[in-house]
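Here is a short report for a reader meeting this structure for the first time. Look over the sequence and the model, then read on.

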Amino acid sequence: MSNNHIVEILKKEIDNFKSQIKVEKVGQVMEVFDGIAKVSGLSDIKSSEMVTFSNGETGVALNLEEDTVGVIILGDFSKIKEGDEVKATGKILEVPVSDSILGRVVNAIGIPIDGKGAIKTNKTYPIEKVAPGVITRLSVSEPVATGIKVIDAIIPVGRGQRELIIGDRQTGKTAIVIDTILNQKGQNMICVYVSIGQKDSKLRKLQARLEEGKSMGYTVIVSAGASEAAAMSYIAPYAGVSIAEYFMDQGKDVLIIYDDLSKHAVAYREISLLLRRPPGREAYPGDVFYLHSRLLERACRRNKEYGGGSITALPIVETQAGDVTAYIPTNVISITDGQIFLETDLFYKGIRPAVNVGLSVSRVGSNAQIKAMKKVAGTLKLDLAQYRELEAFAQFGSDLDDATKRQLERGKRAVEVLKQLQYAPVKIEHQVVTLYALTKGFMDDVPVEKIKEFEAGLIEYSEHNAKVFYKEIKETKMWTEKGEAELKKAIADFKNSFLTRT
Amino acid sequence: MTTISNNEIARAIYLVSKDKSPTEQSLLYPKIIQFLARRHLLSKTSDILLKLGKIINSEEGRTIVVVKSAFRLGEKTKIELVQTLKKRYSSKEIVLDEKLDKNLLGGMRLEINDEVIDLSLKNKIGKLQEYLTRPI
């Protein structure tokens with residue numbers, strides 16, 4: 001390119017440039033500490049309005065006092081000095097949104113951090129928004145297929161539902177949500193994974209796993225890492241749900257995962273204490289309930305007149321030593337429409353996913369379950385409940401009557417069937433076939449240790465020999481007598497060959 | 001105990017001394033000092049005085065404008081500036097506090113309380129730089 005050409009371009013650009021002079025509200029930094037700045041001036045500022053510091057960092061005004069404003073700094077606060085100029089922007093904090101954000105990893109203010117270049121966008125969404133009202137909503141009636149048998153059968157999640165995943169550390173909470181994301185391929189679902197205060201290594205692993213499963217194409221990761229300021233952790237879930245709302249406004253179904261809200265509450269506690277707000281129970285501020293309720297209330301299913309679409313929220317909360325009566329777990333349990341309890345004991349017994357079926361509930365999801373699944377899951381629930389009741393007697397072995405023994409044997413097989421490897425989501429029709437075989441007693445004479453092998457073989461065999469059944473489930477979500485007879489025959493045939501083979 | 005802010009104290013001082021004659025005022029001032037001493041507020045007097053100054057200015061319709069410019073302003077410019085600002089802030093009196101700042105390169109920068117109207121060349125060049133280096 002010749003010099004003249006550059007000059008020409010510059011001239012053209014400068015001709016196009018129009019400088020707009022406007023009145024700006026400015027203030028001065030009075031003190032800076034731990035990611036908080038006290039700023040004087042800024043008289044007409046609004047709550048959660050964005051401000052810019054003279055070195056380009058942004059902040060959010062949270063505490064509006066008589067003479068000063070408490071600002072949380074989003075980014076590096078070490079470069080901000082006392083006396084620096086602070087400008088009010090007149091805008092409530094917002095994140096850039098666009099379709100090209102899919103497949104990307106962004107931070108809490110929507111800036112990409114995956115090294116794949118800038119995201120082209122000219123649209124922004126405010127991070128704080130009032131949740132959709134009662135008139136715009138529709139009750140839950142479509143399922144989210146998680147691909148995890150125990151969840152899809154017993155604790156089903158519907159589109160627009162908020163289902164809490166709760167458990168101690170290292171019980172497989174994140175594993176459940178990764179499997180769920182992996183299973184959304186081809187299900188017409190956009191996924192937003194919000195990582196709050198997690199290790200960057202864990203996030204990298206997760207991203208790599210999603211890329212391997214070709215799931216990043218419909219997923220956005222919003223990350224506020226452990227090394228970033230508490231302010232970033234505080235706004236990350238709101239930024240995530242704003243991105244989700246952008247897709248919902250196009251009528252799409254979105255699944256959002258908050259991993260995890262206990263760290264979010266801790267980040268908010270840190271900010272609140274630094275802003276000198278009075279501490280309450282466990283030193284959390286008084287509005288920590290509202291912090292989560294306003295976030296989770298934004299999950300919804302909208303009716304067609306208001307654009308359709310839905311946001312399903314799967315918040316995660318980590319407990320300490322299984323204590324669900326702590327402040328944050330009880331709060332979030334009461335906000336959500338059910339919870340999936342994960343237990344360390346079950347995890348080490350080898351029951352994975354370590355879901356405690358007795359304590360887990362889904363308050364609205366059963367409306368969303370497909371008819372065929374409802375039919376088989378009803379019997380399964382009963383089998384498991386009776387098994388739990390009788391489990392204590394299991395050690396008496398031979399002293400039991402036949403009916404009890406049968407119950408125990410069925411229960412053992414049910415537990416075995418519900419075990420599932422990580423990263424191996426199961427299609428809903430396969431789940432129905434397996435659970436059908438279990439609840440109708442076809443597995444009762446298969447040895448417990450051979451159940452997994454039997455299950456895998458049965459799925460393969462039935463796919464070829466019960467085509468009518470599969471077709472019916474796919475099309476009408478329920479089987480007819482014809483399909484059922486075909487499946488029964490296929491199961492019986494397979495069992496005969498399986499038992500003689502082994 | 002509710003704490004009284006410096007602003008409220010300043011306003012109280014203004015209200016009690018507003019319509020008093022000079023003799024009454026001279027009797028009043030020792031009392032104010034005594035009050036501040038009793039309430040352990042003497043360390044905050046500089047802030048209270050600052051607030052008092054602002055209250056008096058706003059009550060009397062006076063607006064202080066800090067004018068920063070690279071070169072000294074001409075008389076005509078100043079008169080025009082005062083006229084415009086009077087209209088804009090609907091105040092009776094405009095007090096210009098002129099300051100020279102070579103860094104501005106040209107033009108001027110007006111500061112009215114926490115409002116800033118930046119008409120300086122430096123600001124314009126900064127904006128042009130922002131525009132030319134924006135991501136496309």
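## Two crossing helices

Start with helix H11 (residues 402-418) of chain A and helix H13 (residues 451-465) of chain A. Their axes come within 9 Å and cross at roughly 60°. Axes here are lines fitted to C-alpha atoms, for helices over the stretch in contact, and angles run from 0 to 180 degrees between N-to-C directions. H11(A) and H13(A) are therefore oblique to each other. On this scale, angles under 35 degrees count as roughly parallel, over 145 as roughly antiparallel, 65 to 115 as roughly perpendicular and the rest as oblique. The crossing of H11(A) and H13(A) is right-handed. A crossing is right-handed if the near helix is turned clockwise from the far one by less than a right angle, and left-handed if anticlockwise.

H11(A) brings A:Arg413, A:Glu416 and A:Val417 to the contact, and H13(A) brings A:Ile451, A:Lys452 and A:Glu455. Two residues are in contact if their C-beta atoms, placed from the backbone, lie within 7 Å. The residues of this contact between H11(A) and H13(A) divide into two nonpolar, no polar and four charged. Ala, Val, Leu, Ile, Met, Phe, Trp, Tyr, Cys and Pro count as nonpolar, Asp, Glu, Lys and Arg as charged, and the others, Gly among them, as polar.

## The model and chain A

This is a predicted model: local features need pLDDT of at least 70, side-chain atom pairs count only at pLDDT 80 or more, and totals for chains, interfaces and linings use all residues. Residues are numbered from 1 along each chain as its sequence is written, while chains are lettered from A and ligands numbered from 1 in the order in which they are written.

Chain A has 15 helices and 18 strands. Helices (H or I, at least four residues) and strands (E, at least two) are DSSP runs, numbered from the N terminus. The C-alpha trace of chain A spans about 85 × 60 × 45 Å along its principal axes. Of the 502 residues in chain A, 45% are buried. A residue is buried if 20 or more other C-beta atoms lie within 10 Å of its own, exposed if 12 or fewer, and partly exposed in between, with C-beta atoms placed from the backbone. Among contacts in chain A with a separation of 6 or more, 71% join residues 24 or more positions apart.

## The open sheet

Eight strands of chain A form an open sheet, in the order S8-S14-S13-S15-S16-S12-S17-S18, with mixed pairing. Two strands pair if DSSP finds at least two bridges between them. The edge strands are S8 and strand S18 (361-362) of chain A, and each pairs on one side only. Helix H8 (residues 327-335) of chain A packs on the sheet. H8(A) touches S12, strand S16 (310-318) and S17 of chain A, and its direction makes about 160° with that of S16(A).

Strand S12 (residues 164-167) of chain A pairs with strand S17 (residues 338-342) of chain A in the parallel sense, over four bridges. A:Ile166 stands opposite A:Phe341 in S17(A). S17(A) also pairs with S18(A), in the antiparallel sense over two bridges. There, A:Gln339 stands opposite A:Val361 in S18(A). Four of the five residues of S17(A) are buried, so S17(A) is largely enclosed by the rest of the structure.

## More helices

Helix H7 (residues 288-296) of chain A packs with H8(A) at an angle of about 35°, with their axes 10 Å apart. Their crossing is right-handed. The contact is made by A:Val288, A:Phe289, A:His292, A:Ser293 and A:Leu296 of H7(A) and A:Asn331, A:Val332 and A:Ile335 of H8(A). These divide into five nonpolar, three polar and no charged.

Helix H3 (residues 173-182) of chain A has nine of its 10 residues buried, so H3(A) is largely enclosed by the rest of the structure. Its buried residues include A:Lys173, A:Asp179 and A:Leu182.

## An exposed loop residue

A:Asn122 lies in the loop between strand S8 (105-107) and strand S9 (123-126) of chain A. A:Asn122 is exposed, with 7 other C-beta atoms within 10 Å. A:Asn122 and A:Pro96 are 26 residues apart in sequence, yet 7.3 Å apart in space, C-alpha to C-alpha.

## Where chain A meets chain B

The contact takes 14 residues from chain A and 14 residues from chain B. On the side of chain A, strand S1 (residues 23-33) gives the most, with five residues. The residues on that side divide into six nonpolar, four polar and four charged.

Three bridges join S1(A) to strand S4 (residues 115-118) of chain B, and the two strands run antiparallel. The bridge partner of A:Glu24 in S4(B) is B:Val116.
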